[in-house]
Amino acid sequence: EVSANAYVTLCRIRRQSQLPVELFYCGDEELPTAARLKLEAEFSSLRCREMSQNLRGFQMKPFAILRSRFQEAMWIDADNLPLGALDGLFDGEGYQRTGAQFWPDRREARWTQAELWRACGLEPLEGPEFESGQLLLDKRRCWRALLTTCQLNSDEHRPYVYGLTNGDKDTFRLAFLMTSTDFALVPHSPTCFGAPYLRATIGTSNIQIGHPLGRFRLGGLLQRDTEGRPLFAHRTVLEWNPYHDLKTMTHLEDGSRIESWIAELELQGHRDLERYRRDYLDFFPVEWW
């Protein structure tokens, strides 16, 4: 579903910004040549960049940032919908001061085990883990930390590292601490968003499925800017799917309804997804989905 997620995110980015964009993918299996050429023709200042087939999933992220032609890079996961303006993020005080802006994971996230801290030559610290669905990095100022992050995600070390943490996300925090590289961290924890029910349209049928554990079905993380305003809706659980119109951005984890303008952005995302179905699905074999 990488291309479907990326398409919705690209549509959103281009509605609010003309920043140049690179889309990283792993081989024709993930993004066929015809689909890549059409994407580059449809979206201005977009370049699709192929990565090694050996770099998959979480592991690819720091290597893609390293390979990017941008010295100052903003990474956004394909399933992460920007809610606010992006152009001004590089002007933020924390990024300007350090060259690195990160966002925290949920307060209760405690994936990184003490053994990994000590293997990195560090004593375990309190404080939030990183959530790497979005980040800003000046590679000139932070190159030691970026190379160390790549090392932690390398084939040599990844099996051990990932066994003691949750994917790539906290490898950024460990690498910055290992290399004594300063960074800025948004002071607001993310909020989970989702829906009381999983609602979907499949064919001509509308279905509604209740969560087996209660009234809330997790959809993703709502990340905020430094002032506490919603900035990214990272669909970590139920991503954009070209065959199912899954509505997940309706409620927050406390049961309150999400702000109406965010819910409207999800509806716009589904309209973009319909255009994706019409213009891109034929590029992918049925068995791919």
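1. Does Ser45 count as buried, partly exposed or exposed? Please keep in mind that this is a predicted model. Ser45 counts as partly exposed because its relative accessibility is 44%, which falls between the 20% and 50% cut-offs. Its place is the loop that runs between α3 (33-42) and β2 (46-50).

2. The backbone of Ser45 is worth a look too. Most residues other than glycine have a negative phi. Ser45 is not a glycine, yet its phi is positive, at about 55°.

3. Ser180 also deserves a glance: it is not a glycine either, and it has a positive phi of about 55°. This serine sits in the loop between α9 (169-178) and β7 (184-185). With a relative accessibility of 70%, Ser180 counts as exposed, since the cut-off for that class is over 50%.

4. Trp143 belongs to helix α7, which covers residues 143-152. Its relative accessibility is 42%, so Trp143 counts as partly exposed.

5. Searching the whole structure turns up 1 cavity of 30 Å³ or more, and the largest cavity has a volume of about 40 Å³. Two elements, α1 (2-16) and β1 (21-25), each give two or more residues to its lining.

6. Which residues line the largest cavity? They are Val2, Ser3, Ala6, Leu23, Phe24, Tyr25, Glu30 and Leu31. By class, this lining divides into 6 nonpolar residues, 1 polar and 1 charged.

Note on methods:
Residues are numbered from 1 along each chain as its sequence is written. This is a predicted model: local features need pLDDT of at least 70, side-chain atom pairs count only at pLDDT 80 or more; totals for chains, interfaces and linings use all residues. Side-chain values use heavy atoms; hydrogens and water are left out. Helices (H or I, at least four residues) and strands (E, at least two) are DSSP runs, numbered from the N terminus. Buried means under 20% relative accessible area, exposed over 50%, partly exposed in between (1.4 Å probe, protein chains only). On a 1 Å grid over the protein atoms alone, a cavity is a set of points where a 1.4 Å probe fits but cannot get out, and a pocket is an open set with protein on both sides within 12 Å along at least five of seven lines; lining residues have an atom within 4 Å of a point. Grid points are joined across faces, edges and corners, and a volume is the space filled by probe spheres set on the points. Ala, Val, Leu, Ile, Met, Phe, Trp, Tyr, Cys and Pro count as nonpolar, Asp, Glu, Lys and Arg as charged, and the others, Gly among them, as polar.
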